[in-house]
Amino acid sequence: MKKIFGGTETKVVQYVESVFQPEDACLKETRERAELKGLPIIQVGKMDGLHLETLTRAIGAKKAVEIGTLGGYSGICITRGLGPEGKLYTFEVDQTHADTARESFKKAGILDQIEIHIGPALDQLHKINKNAPFDLVFIDADKVNYPQYLKWAADHLKIGGVVLADNTLAWGMIADSSFGSIEDERAVKALREFNLVAAQGGRFRSTLLPTGEGLTLAIKIR
Ligand SMILES: C[S@@+](CC[C@H](N)C(=O)[O-])C[C@H]1O[C@@H](n2cnc3c(N)ncnc32)[C@H](O)[C@@H]1O
């Protein structure tokens, strides 16, 4: 799926990308490196990367967590938003993805700001509990575990800290009642649970930004 911003109208997308210039040479190289190494092409879209950087800057985040590193594209965006004093803890289950990300972080000159944890995130997250409270948690990994990642975030973010979660419109399937596969059904049900708890669970004030894939933004209020 091609990741675009602002609908499917090519001239609008071209206009937005030419004005906001979301992808510099370093991010382009990061995207291309991931492709060359055979990683799936599922990193955030260019404008979503820029959303991550600007939202991270807007909240003055200094300590962020990312679940789902892939080749490091979104990690670079978030770390840029954190600024040179910031720290990113990123979680990735796949060794090749993590190695590729490490190379891209090094090329971007930010490797010393990033801790990469390898393994299923639910088994790894406890390793950074001692560094809580965090300012930002970006969730972009296995959809079935989104509700559990949200629970971890609720317990380890500061009040006023933010959760950003990608793909929360489930590639257009979020409101469907029948599915092509059991995997899709499980993913959609988990994303619905995630959105419901973010919106109505009492610990967050939330919205869903209508990006190409849906980006839930939840602020911890209690
Ligand atoms: C959509 S990609 C992340 C894209 C990345 N955030 C970016 O935009 O550059 C999802 C990543 O999550 C990883 N992943 C899947 N399940 C995971 C798990 N249980 N724990 C940690 N990482 C996981 C996948 O291997 C994949 O690299």
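Which residues are buried in α5? In this predicted model, the buried residues of α5 include His 97, Ala 98, Thr 100, Ala 101, Ser 104 and Phe 105. They lie on the same side of α5, because they cover an arc of only 160° around the axis. An α-helix has 3.6 residues a turn, so residues three or four places apart point the same way. The face turned away from this buried side carries the exposed residues Lys 106 and Lys 107, while the buried residues themselves pack against α2, α4, β2 and β3.

| Feature of α5 | Value |
|---|---|
| N-terminal cap, Asp 94 side-chain oxygen to Thr 96 backbone nitrogen | 2.9 Å |

The largest nonpolar core holds 28 residues, of which Val 65, Ile 67, Val 137, Ile 139 and Val 163 touch the most other members. At least two residues of this core come from each of β1, β2, β4, α7, β5 and α8, and α7 gives the most, with six residues. Leaving aside neighbours within four places in sequence, Val 137 is in contact with Val 65, Ile 67, Trp 152, Ala 153, Leu 157, Val 162, Val 163 and Leu 164. Apart from this core lies another, of 23 residues, among them Val 44, Ala 101, Phe 105 and Ile 116; Ala 101 and Phe 105 are also among the buried residues of α5.

Technical notes: Residues are numbered from 1 along each chain as its sequence is written. This is a predicted model: local features need pLDDT of at least 70, side-chain atom pairs count only at pLDDT 80 or more; totals for chains, interfaces and linings use all residues. Side-chain values use heavy atoms; hydrogens and water are left out. A nonpolar core is a set of buried Ala, Val, Leu, Ile, Met, Phe, Trp, Tyr and Cys residues joined through side-chain atoms within 4.5 Å. Buried means under 20% relative accessible area, exposed over 50%, partly exposed in between (1.4 Å probe, protein chains only). Helices (H or I, at least four residues) and strands (E, at least two) are DSSP runs, numbered from the N terminus. Contact means heavy atoms within 4.5 Å. The arc is that of the directions from the helix axis to the C-beta atoms. A polar contact is a pair of N or O atoms within 3.5 Å; within protein, one must be able to donate a hydrogen and the other to accept it, and residues adjacent in sequence count only if both atoms are side-chain atoms.
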